[in-house]
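Subject: Structure handover

Hello,

Here is the structure for your files. My notes on strands, cavities and the disulfide follow below it.

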Amino acid sequence: MCFAGVLLLSACSGSVDGPVIEGNVTGDGLDAEVFGIVIIEGDCIYLHDPQIESRYPVVWPHGTSWNPAESAINLPDGTPVHDGDKVYGGGGYHKENLDTYTVSEGVARALSCVDNKYGEIAVFNSDSEIEITQR
């Protein structure tokens, strides 16, 4: 339980693990679709939407981590996501109040990666199940 005390705070907060920005545990139930082709580029991971030729830095669900041996994103259930995979889940696109969704290091990383004309970041809900729709 995240509210139980300071000792458990780290278990409730997001993190930055390699290029992966992990989201906080929150009760947010954003209802937009978050999707795109995964692009891993240095310290940034993007979701690319080819229909509008934009890419968005991404905050992954709580429990997501980086697997450096495979250069893969490990979803909370252990499923690997690789560069070029197409993913889909629930969440939203944001450019304000980003500290609601991840830790300050994650916010800084996401902002440093933004290169879309909207200035937005893709944020999966903390408990979103991510579908890999194409490999």
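Strand β3 (residues 32–41) pairs with strand β9 (residues 86–94) in the antiparallel sense, over six bridges. Strands here are DSSP runs of E with at least two residues, helices are runs of H or I with at least four, and both are numbered from the N terminus. Two strands count as paired if DSSP finds at least two bridges between them.

Before the rest, the ground rules. This is a predicted model, in which local features need pLDDT of at least 70 and side-chain atom pairs count only at pLDDT 80 or more, while totals for chains, interfaces and linings use all residues. Residues are numbered from 1 along each chain as its sequence is written, and side-chain values use heavy atoms, with hydrogens and water left out.

**Strands around β9**

Strand β10 (residues 121–124) runs antiparallel to β9 and is joined to it by four bridges. Glycine 92 faces valine 123 of β10 across that pairing.

**The three-stranded sheet**

β6, β7 and β8 form an open sheet in that order, with antiparallel pairing. β6 (65–67) and β8 (80–81) stand at the edges with a single partner strand each, so one side of each has no neighbour in the sheet. Strand β7 (residues 72–74) and β8 are linked by two bridges. Asparagine 74 has proline 80 in β8 as its bridge partner.

**Cavities**

How many cavities of 30 Å³ or more does a search of the whole structure find? The search finds two. A cavity is a set of points, on a 1 Å grid over the protein atoms alone, where a 1.4 Å probe fits but cannot get out; lining residues have an atom within 4 Å of a point. Grid points are joined across faces, edges and corners, and the volume is the space filled by probe spheres set on the points.

The largest cavity has a volume of about 50 Å³. Ten residues line the largest cavity, and Thr26, Tyr101, Val123, Phe124 and Ser126 lie nearest its centre. By class, that lining has four nonpolar, five polar and one charged. Nonpolar means Ala, Val, Leu, Ile, Met, Phe, Trp, Tyr, Cys and Pro; charged means Asp, Glu, Lys and Arg; the others, Gly among them, are polar.

The second largest cavity has a volume of about 40 Å³. Its lining is Val59, Leu98, Tyr101, Thr102, Gly106, Val107, Ala110, Ile121 and Val123. Seven of these are nonpolar, two are polar and none is charged. α2 (104–113) and β10 each supply at least two lining residues. The largest share, three residues, comes from α2.

**Disulfide**

The structure holds one disulfide, defined as a pair of cysteine sulfur atoms within 2.5 Å. Cysteine 44 and cysteine 113 form it, with their sulfur atoms 1.9 Å apart. The link is left-handed, at -80° about the S-S bond. Cysteine 44 lies in strand β4 (residues 44–49) and cysteine 113 in helix α2, so the pair ties together parts 69 residues apart in sequence. Both cysteine 44 and cysteine 113 are buried (under 20% relative accessible area, with a 1.4 Å probe and protein chains only).

Best regards

Note on methods: 1 Å grid on protein atoms, 1.4 Å probe; cavity = no way out; pocket = protein on both sides within 12 Å on 5 of 7 lines; lining within 4 Å. Buried < 20%, exposed > 50% of the residue type's maximum accessible area, 1.4 Å probe, protein only.
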